Each structure stands twice: as structure tokens, then as C-alpha cells.
Amino acid sequence: MDIGQFIKGMPKVELHAHLNGSLSTKTLIELGKLEYGESNNEFQRICESFQQKQEFTLEECFKKFPIAHALTKTKDGLRRALLSVIRDFALDNVVYLELRTTPKTTTKMSKTEYLETVFETIRLASSMYPDICVKLLPSIDRSKGIEFAKDTVHLVLKALKTHADLIKGIDLSGNPASGSFNDYTKILSEARNNNLKLALHCAEIDNDGETYEMLQFGMDRCGHGTYMSSQNLNIAKEKQIPIECCLTSNVKCGTVKSYQEHHFKNLYSSKHPVVLCTDDSGVFDTTLSEEFIIAQKTFDLKKKDLEVLSLRAVDVSFASPLEKEVMKTKICKYFYD
Ligand code: 5GP
């Protein structure tokens, strides 16, 4: 079997995917037809032109999200979008998915309704796509301010009473140039004290001081970890903070010059816990298989490396011990049967 096919069939674990960034162009166009009418070619043109774009700046990337947000503002749109995203990951043989999304008030839904629709849909998907286990990391969007963040965490803590099996932690994301991390430490501590894991976007832009503060505060996983000074990297290594590497996202956004120069290489070769993730598979037109294929080709990874990476992703996931056992069994069966 060729290595690409082997990777496609491999049971995979996705730990860093944003719901509204994971809508494929096909899904956006389908949802766009329902929202704006069959004959709205202008919408289709915008979606396709984004897909064809090979390079963005981080700022440009953030301009794509409102296109998806406009289609997930109703319960029906959100439900359809989420089902499509789960289906696409399942078709790529992702067996465990920690999906992130920012609970938001839209013109058609309250924040509570947004979150409830997400829970309902994940439960519905578990019968439609039984081979994938989906968990949620509600996101705090750091561009929306501290009051919004507090409200989100309090909603999530309330939801834990009925959905503790689905909620695994909190993600801090949103435009990394906006706001200050210090504003969020109090509310993130509250989440942590209530047993929620923290997956924080960190060192996504060149801001050593803030990265230092974040690493001192601590986190269960670091999103991107691109701009780490050697001092900060040493802290991440001492604390053994797993880093979620999103190769295509970083290269297309220009935060990393090329695949060859991606920090994944040094992290992996120094045996630091590292995972491959898609980030926004729709925005960057990728899949988790594709990310593994790129890593395999660029860094000349062997099957043993693919197995190590897969098992490491299970270890650093926020799954329960039993869920981890199930995943490890699937992975080992694939590699050794
Ligand atoms: P949503 O939370 O609406 O389901 O997914 C899209 C949102 O995820 C974006 O509006 C943004 O807040 C966040 N996001 C997606 N990709 C990235 C990324 O690469 N970096 C950061 N910091 N945030 C992101």
C-alpha cells in the first residue's frame, strides 16, 4: 500500500479544529444556497476565490470566518454545518475529535441556544457517525473582551451539569493581536479550578512577553507555539506542555515560511510532545490525512513515527482513560494486524 493510502486509512486523532473554520467550500456553498437562494452566484464565487487562495496573512484569514458565521447563525444552519464537519472528519478516518467553537449570540439564537444546539447535534452525530467520538472545547474569543469570556465560562460550567461527558475543556483563541492575556487569567483559573482543561493559543504571533506570561500561568496544551524564544521554549519543555502543530495553517498564513522550516521538526526530534492538527480545514483546504502526508514527506517520517505521533495524540487528548484505551486499541490494530 502506498504511504498516502496508509495514512488515509489510519485511525486519527484531531485535537485542534475550529468548527466555523472547518466548513469545506462545498458545505459553505450548500449552506449558502439554503440561506441566500439557489441562484446566488456571487456567494459561490467568494467561497471559491478563498479556496483558490494559497497564501493569507493572519488578518486575512480572520476575514474568512464571518462568511461561515453568517451561515451558522440559525439553529438549522449550525446543525447542518456541524453535521457536515463531523461527517468530513469521519470520512477522513478521524476516530476522536476535540472540536472548538465560540458560543455566540446571533440575530437568531442566544449564546445558550448556540451551545445547546452544538450539544444536541454532537449527540445526534454519535448515532449517524458511530466511528467518530466527538468532544467539545468551547472557545473564548479574546477579541470579544472579558465580560463575554466570563459569560461563556459561566455558561459552560452550568452546562457541565448535563453535558460533562462532552465538554473537555476551554480554548482561548480569536485574533491573537487583540486584548491582553492578563485580562483572562482570572476567568481561566476559574475554569481550571472546575476541572476544565485549558488549550490556549499561545506564541501564535511574535510577543515574547505574553508568551512568557501564558507559559507561567500554565496550560494543558499549547495551540501553534510558533514564535517561541529559546527561553520560552525551555519553559514549555520543562513543563512538558504538548504543542498542537498546524502545518498548512501556519504556512498559508505566513507565520512559518515553509513546511521545511516548521517548528514541528525540532519539537518532534527532541521528543517533545507534539500533535499534528488541521486548525481550520475549510479555510486552509486541508484534511488531517493531508497534514500527516505533508509531515511524512517533508520530514521523511517512517511508519514507526506515524504510530508514535498517533499514540502521542491519544496521550495528550483530554479523553477519559477508557476512551484512550479504545483509541489505542484501534491504532495498534491498524499498525500491527
Ligand atoms: P468558531 O469558534 O466560530 O466555531 O470558529 C472560528 C473562530 O475560531 C474564529 O472566529 C477565531 O476566533 C477562532 N480561530 C480559528 N482559527 C484560528 C487561529 O488560527 N488562531 C486563532 N487565534 N483563532 C482562530
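**Exercises: cavity, pockets and parallel strands**

In this predicted model, helix H9 gives the largest share of the lining of the largest cavity, three residues.

**Exercise 1.** Describe the largest cavity by its volume, its lining and the elements that supply the lining.

*Solution.* Step 1: searching the whole structure for cavities of 30 Å³ or more gives three. The largest has a volume of about 80 Å³.
Step 1: its lining consists of Arg142, Pro176, His201, Cys202, Ala203, Glu204, Ile205, Asn207, Glu210, Thr211 and Met214.
Step 2: E5 and H9 are the elements that give two or more residues to this lining.
Step 3: sorted by class, the lining residues are five nonpolar, three polar and three charged.

**Exercise 2.** Trace the chain from E5 to E6 and on to E7, giving the sense of each strand pairing and the hand of each crossover.

*Solution.* Step 1: strand E5 (residues 197-202) and strand E6 (residues 221-224) run parallel and are joined by four bridges. In this pair, Leu200 stands opposite Cys222 of E6.
Step 1: between E5 and E6 the chain passes through helix H9 (residues 208-217), and this β-α-β crossover is right-handed.
Step 2: E6 also pairs with strand E7 (residues 243-245), in the parallel sense and over two bridges. Here Cys222 stands opposite Ile243 in E7.
Step 3: the path from E6 to E7 leads through helix H10 (residues 230-238), again as a β-α-β crossover that is right-handed.

**Exercise 3.** Which residues lie nearest the centre of the largest pocket, and which element gives the largest share of its lining?

*Solution.* Step 1: the volume of the largest pocket is about 410 Å³.
Step 1: among its 27 lining residues, Phe62, Phe65, His69, Asp141 and Gly174 lie nearest the centre.
Step 2: two or more lining residues come from each of helix H4 (58-71), strand E2 (94-101) and strand E3 (133-141). H4 provides the largest share, six residues.
Step 3: the class count for this lining is six nonpolar, 14 polar and seven charged residues.

How values were computed: Residues numbered from 1 in each chain as written. Predicted model: local features only at pLDDT ≥ 70, side-chain atom pairs only at ≥ 80, totals over all residues. Heavy atoms only, no water. Pairing = 2+ DSSP bridges. Right-handed = clockwise from strand over helix to strand, strands pointing away. 1 Å grid on protein atoms, 1.4 Å probe; cavity = no way out; pocket = protein on both sides within 12 Å on 5 of 7 lines; lining within 4 Å. Points joined across faces, edges and corners; volume = space filled by probe spheres on them. Nonpolar A, V, L, I, M, F, W, Y, C, P; charged D, E, K, R; others polar.
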